[in-house]
Amino acid sequence: MTKPLRNLKWAVLRGLLNTVGRSSRGIRTGYRYGFDSGTMLDYVYVNRARGVLGVGRLVDRVYLNAVGWRAVRARRALLEDVLREQLDARQDREVLVLDVAAGPGRYLQDLAAEYGPGRLRVVCRDLVPAGLRQGERLARERGLSHVSYEIGDALDPKEPDAGAPDVVVVSGLYELLLDDEAIRESVERLRWLLAPGGTLVFTTQTRHPQLDLIANVLPNRNGQPWVMKCRDVARAEGWARAAGFGEVASRREEVGLFTVTVCGTGRGPGGAE
């Protein structure tokens, strides 16, 4: 297909999405907050089609069934399994989990409800206030006093007031970063933020069949084209080993677009020793 025809195709798709597509609650959410935002991901996690009359709900169901969103939900399920393993390996005390780019943090709230105070404390950070406010409201409604929210830069992390975290989670962030060096530096900083025996858990997008469509049709939280970068998981694992993690292992979610990598410091439940 020639460049003019490709440009015409993307223009038509943008027009359809911005008109008929807005009958879908999910697509309206994407335009309001950004299709890459934590608020958008929270909507995808809930996975309940909503919209204007039957047409809107139908459009929303097609949208929520896109391969990328199915993979995001599978990634969430795998993350939950990994975090349960980390919690079960530390049964003698409360475990502090820090998510540095959490948005509303719905899946972490589910874990907090499952394990309860005294076993798990969660700190959710993000740079976007809307997602944090949404998470705070949901946590209050669910009575989850052991889940807290605060503004924070994932690439310039600070130790929580509660102390050094036992587990740090970076989910859905690194594929939004086009600079490999920024990810390498992030992994290194997070290594030294962890408590002794701590674990870093991060996700990597290794492939996506709709990268061109997304980049040419969907805006991100800044109103710019939503451009993502896929990476080989071996490269991401290499950054973790270079940062000093003693044990690094990855698992792929069932749809096959993302991996979840678990990095132990080698001094406790998350490590090799």
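Let me start with what I mean by a pocket: on a 1 Å grid over the protein atoms alone, it is an open set of points with protein on both sides within 12 Å along at least five of seven lines, and a lining residue has an atom within 4 Å of a point. Grid points are joined across faces, edges and corners, and the volume is the space filled by probe spheres set on the points.

The model is predicted, so local features need pLDDT of at least 70 and side-chain atom pairs count only at pLDDT 80 or more, while totals for chains, interfaces and linings use all residues. Residues are numbered from 1 along each chain as its sequence is written, and side-chain values use heavy atoms, with hydrogens and water left out.

Now the second largest pocket. Its volume is about 350 Å³. It has 15 lining residues, and those closest to its centre are Arg25, Thr29, Tyr33, Thr39 and Gln134. Helices here are DSSP runs of H or I with at least four residues, strands are E runs with at least two, and both are numbered from the N terminus. H2, H3 and helix H7 (129-142) each give two or more residues to the lining. H2 has the largest share, with five residues.

Next, the aromatic rings. Rings of Phe, Tyr and Trp (for Trp, the six-membered ring) pair if their centres lie within 6.5 Å; planes under 30 degrees apart are stacked, over 60 edge-to-face, and the rest tilted. The whole structure holds five such pairs. One of them joins tyrosine 31 to phenylalanine 35, edge-to-face, at 5.4 Å between centres and 80° between planes. Phenylalanine 35 also pairs with tyrosine 63: the centres are 6.2 Å apart and the planes at 75°, so this pair is edge-to-face as well.

Phenylalanine 35 is buried at 0%, and tyrosine 63 is buried at 12%. Tyr31, Phe35, Tyr63, Trp69 and Trp226 form one aromatic cluster.

Tyrosine 31 has a charge over its face too: arginine 22, at 4.2 Å from the ring centre. The rule asks for NZ of Lys or CZ of Arg within 6 Å of the ring centre and within 35 degrees of the ring normal. Lysine 9 lies over the face of tryptophan 10, at 4.2 Å from the ring centre.

On to the cysteines. How many disulfides are there? With a disulfide taken as a pair of cysteine sulfur atoms within 2.5 Å, the count is zero. For cysteine 230, the nearest cysteine sulfur belongs to cysteine 263, 19 Å away. Cysteine 230 is partly exposed at 23%, whereas cysteine 263 is buried at 0%.

Last, glutamine 210. This residue sits in the loop between strand S5 (199-205) and helix H9 (211-217), and is partly exposed, at 28%. Its C-alpha atom is 7.9 Å from that of glycine 68, 142 residues apart along the chain. Leaving out residues up to four places away in sequence, glutamine 210 touches Ala66 and Val67, where contact means heavy atoms within 4.5 Å.

Definitions and conventions. Buried means under 20% relative accessible area, exposed over 50%, partly exposed in between (1.4 Å probe, protein chains only). On a 1 Å grid over the protein atoms alone, a cavity is a set of points where a 1.4 Å probe fits but cannot get out, and a pocket is an open set with protein on both sides within 12 Å along at least five of seven lines; lining residues have an atom within 4 Å of a point.
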